[in-house]
Every structure is written in C-alpha cells, then in structure tokens.
Amino acid sequence: MRMLRQRNVSPRNVSPTNIHKDFPILFSEEQIRERTREIGRQIDADYAGQTVVMVGVLKGAAIFLSDLARSVSVDCTFDFVAVSSYGKGQRTSGAVKLIKDLDQPIEGKNLIIVEDILDTGLTLSFLRSLFERHKPKSLRIAALLDKPSRRLEKIDADYVGFEIPNHFVVGYGMDYAERFRNVPDIRLMPPDYPELH
Ligand code: IMP
C-alpha cells in the first residue's frame, strides 16, 4: 500500500518541506523555551494556590499552550476555542467568528486566554467580551508575540513573550496558508513569498 502511494507521488504534488530553511530566524527554540519558562514562573506567582483554565485559540496557539502549560506548576486545566482564521494569505479579513466554543463552563474560574500573536487585536477583543459574559473570576491574556503597531482594538496582553515589529512570521504553531506550523523556531516570512494553495 505504502509503495503504491509513493509511486503515485509526482514532483508537482510534493510539498517543499524544507523551504522555510531560507526564512531568517527571529526567535530560536532556545529563546522561546527560556521566555516561556519565565512567563510560567510569573503565572505561578500570580495564581499561587489557585486553579487556572488555559484557553488556547486554535490552531496557532496549540504549541505555545502545550509548552506554557508544562512551564507552570499551578493546578491547570485546558480548553480550546477556534475562531475564523486569518485567511490564506498574510492579510486578515477583519471579521471574527466563533467556530468552536468552550467545552466547559468558565463561570467563577481563573481564565488565561493563550494566543500565538496579538496583532490587530480583533480576535482577542472578540474573545474577551465573549468570555466576560460568562462571568469568570478573572480573565488574563497570554500572547507569545505582540505586534503593537498593527493594533486596531484597544487591548493588551498581560503576559507577552516578545514584542515584534510589523512583519509576518511563521513557525511554532503559526502558519502561512496552514503551512510551517511545525517549524520549531519562529521565522520571518519573506514579504514577496508567493501565494500558497
Ligand atoms: P488579530 O485578530 O489581528 O490580533 O490576529 C490574530 C491572529 O492572526 C493570530 O492568532 C494569528 O493566527 C494571525 N496572525 C497575525 N499575525 C500573524 C503572523 O505574522 N503570522 C501568522 N499568523 C498571524
């Protein structure tokens, strides 16, 4: 079966798996690990003796959440939501829609929304007001990256990994047309990179 599938693969439908190697590294695995541990220590101090629900925003924050959750020692559970995505290219459409809701009630809980990038702020403003209606005990935001120069909504993260300029990045969960999420470091996407399908 496997042999047959392999024989059917033609150069046209083989994905360029190593293409990201040409993209410059913005933050190495080591830098991300170190910063995530620091944020974890901060969360431990802020929530000592309490329970926290980390709510990851799919799919971009999945990898950050899994590392951040392992960097804290406070009692912690997970939940995930999904919102309408950034689209295929490097631009957002502006509209945010909930695609997958929380599985568990959050009333009276300490919530930390975990996001890959705080960019225009549209996603996190939407989620924050949505969750506030459910009356959590507290609500904070952890964003691995923050692009303050792109902000359209007035919103800040309580925990920020790194502040970056207005540049499109991929890797460590972040994608371009669903690619490069599994790249272990964070890389700068060349602005003239062709549209992927
Ligand atoms: P916002 O609603 O504009 O703040 O956008 C948040 C979402 O846009 C993030 O969760 C990412 O999925 C996506 N996004 C923003 N900037 C980038 C980027 O540089 N690379 C990949 N995704 C990005």
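Buried means under 20% relative accessible area, exposed over 50% and partly exposed in between, computed with a 1.4 Å probe and with protein chains only as cover. The model shown in these views is predicted, so local features need pLDDT of at least 70 and side-chain atom pairs count only at pLDDT 80 or more, whereas totals for chains, interfaces and linings use all residues. Residues are numbered from 1 along each chain as its sequence is written, and side-chain values use heavy atoms, with hydrogens and water left out.

**View 1. The pair of F23 and F180.** By the 20% limit, F23 counts as buried because its relative accessibility is 3%, and F180 counts as buried at 9%. Rings of Phe, Tyr and Trp (its six-membered ring) pair if their centres lie within 6.5 Å, and planes under 30 degrees apart count as stacked, over 60 as edge-to-face and the rest as tilted. The structure holds seven aromatic pairs; in one of them, the ring centres of F23 and F180 are 5.3 Å apart and the planes stand at 70°, so this pair is edge-to-face. The two residues are 157 residues apart and link distant parts of the chain, with F23 in the loop between helix 1 (2-8) and strand 1, and F180 in the loop between strand 8 and strand 9. Helices (H or I, at least four residues) and strands (E, at least two) are DSSP runs, numbered from the N terminus.

**View 2. The pair of Y176 and Y193.** Y176 and Y193 also form an edge-to-face pair, at 5.8 Å centre to centre and with 85° between the planes. Y176 lies in the loop between strand 8 and strand 9 and Y193 in the segment after strand 9, so the pair ties together parts that are 17 residues apart in sequence. Y176 is buried, with a relative accessible area of 2%, and Y193 counts as buried at 14%. One aromatic cluster is formed by F23, F168, Y176, F180 and Y193.

View 3. Two strands pair if DSSP finds at least two bridges between them. This open sheet has the strand order 1-9-8, with antiparallel pairing, and its edge strands, each pairing on one side only, are strand 1 (25-27) and strand 8 (169-170). Strand 8 and strand 9 (residues 186-188) pair over two bridges in the antiparallel sense, and V169 has L188 in strand 9 as its bridge partner.

**View 4. Strand 5 and its parallel neighbours.** Nine of the nine residues of strand 5 are buried, so this strand is largely enclosed by the rest of the structure. Strand 2 (residues 51-58) pairs with strand 5 in the parallel sense over five bridges, and M54 stands opposite I112 in strand 5. Eight bridges join strand 5 to strand 6 (residues 138-146), which runs parallel to it, and there the bridge partner of I112 is R140.

**View 5. The shell around the ligand.** The ligand is surrounded by 14 residues, the closest being D116, T120, T123, K147 and V169, where a residue is near a molecule if one of its heavy atoms lies within 4 Å of it. The shell divides into five nonpolar, four polar and five charged residues, and its largest share, three residues, comes from strand 5. A polar side-chain atom of D116 lies 2.6 Å from an oxygen atom of the ligand.

Definitions and conventions
A polar contact is a pair of N or O atoms within 3.5 Å; within protein, one must be able to donate a hydrogen and the other to accept it, and residues adjacent in sequence count only if both atoms are side-chain atoms. Ala, Val, Leu, Ile, Met, Phe, Trp, Tyr, Cys and Pro count as nonpolar, Asp, Glu, Lys and Arg as charged, and the others, Gly among them, as polar.
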